[in-house]
Amino acid sequence: MSQQYGPPQQQPPYQPQYPPGGPGGPGGWGPGPGYPPQFRPGGRKNRRTQWIVICGAVLAVVLIATGAVLLVTSGQKDETAAPPPANTLTPAPVGTLYTPPTPSPTKTEITKGPYDKGVEIGGGVWFTPAKGWIKDPDTSRSGTSYLLPEPGRPGAIDGWFWVRQTTLMGAKRFAEHLVDVESNNLHHVVIGKGGFRKCPNQALKLCYATNYSAVVPVKGKKSVVFSGFIQTFEDHTGQTTATDSALQREVWAQRKQEILNMNGTLVRSF
């Protein structure tokens with residue numbers, strides 16, 4: 001073939017190839033060549049800056065919130081008292097529900113002494129009956145009672161020795177109470193003038209005594225006149241012991257020492 005010479009043929013102008021959607025459309029690699037630098041839309045560098053600003057703002061909010069929590073927590077710790085050292089004892093707070101146990105009252109221990117012989121009355125008090133005196137068979141009477149039988153008259157007595165105790169009355173009041181009781185059971189009671197006496201034992205706090213006489217009716221027989229006395233002994237524990245003793249007037253002189261002896265054994269036992 002022969003080569004053709006002549007002027008070059010007119011070429012169509014260059015057309016840039018854009019991705020689908022035109023210049024700057026989705027999926028493109030950047031703006032077209034026709035934009036001046038100052039008017040180019042934001043690219044990768046501008047988006048990176050925006051993310052940095054956004055992350056910085058979020059970080060600032062997190063730091064502010066964290067600082068507020070730390071401030072509140074620090075304030076609460078300041079209000080809490082420091083724990084005591086390990087080598088100290090912390091007393092129980094006032095007003096707790098703990099109630100210490102109440103100790104039970106201790107009962108005074110009573111031991112048997114050298115004069116505690118014969119018949120035990122109670123509270124460490126004893127007495128020794130004289131010869132010929134017998135225990136009262138009537139168990140309905142309070143306290144402890146011994147009788148002196150009258151010879152030749154079954155059921156009749158020549159005297160009595162009656163011991164009673166109380167914690168409700170003192171020496172004087174208990175003596176007056178027993179005299180009133182005797183007045184209700186006997187006839188023509190005559191009460192002597194009572195008074196306090198010197199206590200024969202250091203274990204006793206107050207001692208009181210009075211005497212009386214009365215008529216005891218006897219069925220089918222002549223009435224019998226009795227002479228007697230009441231003595232009360234109040235000790236330091238608040239217990240009062242009383243002896244109520246009497247004898248027929250006919251045997252008073254012969255047997256009164258027996259009553260005095262029984263009364264003495266009782267006093268020594270305190």
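**A hairpin, a helix and a disulfide**

In the hairpin formed by strands S1 and S2, with 2 residues between the strands, Gly123 takes a positive phi near 65°. The model is predicted, so to speak of local features requires pLDDT of at least 70 and side-chain atom pairs count only at pLDDT 80 or more, while totals for chains, interfaces and linings use all residues. Residues are numbered from 1 along each chain as its sequence is written, and side-chain values use heavy atoms, with hydrogens and water left out.

Strands (E, at least two residues) and helices (H or I, at least four) are DSSP runs, numbered from the N terminus. S1 (residues 119-122) and S2 (residues 125-127) run antiparallel and are joined by 3 bridges; two strands pair if DSSP finds at least two bridges between them.

Next comes helix H2, which covers residues 171-185. The expected span of a helix is 1.5 Å times one less than its number of residues. Ala171, Phe174, Ala175, Leu178, Val179 and Glu182 are the buried residues of H2, where buried means under 20% relative accessible area, exposed over 50% and partly exposed in between (1.4 Å probe, protein chains only). Viewed down the helix axis, these buried residues fall within an arc of 140°, so they line one face of H2; the arc is that of the directions from the helix axis to the C-beta atoms. Arg173 and Asn184, on the other side of H2, are exposed. The partners of the buried residues are strands S5 (157-166), S6 (187-191), S8 (204-216), S9 (224-235) and S10 (240-248), against which they pack.

The loop between S6 and strand S7 (195-197) holds Gly192. Gly192 has a relative accessible area of 26% and is partly exposed. Leaving aside residues up to four places away in sequence, Gly192 touches Thr210, Asn211 and Tyr212, with contact meaning heavy atoms within 4.5 Å. Gly192 and Phe229 are 37 residues apart in sequence, yet their C-alpha atoms are 9.0 Å apart in space.

Finally, Cys199 and Cys207 form a disulfide, with their sulfur atoms 2.2 Å apart. The rule asks for a pair of cysteine sulfur atoms within 2.5 Å, and by it the count comes to 1 disulfide. The torsion about the S-S bond is about 125°, so this disulfide is right-handed. Cys207 counts as buried, at 4% relative accessibility.
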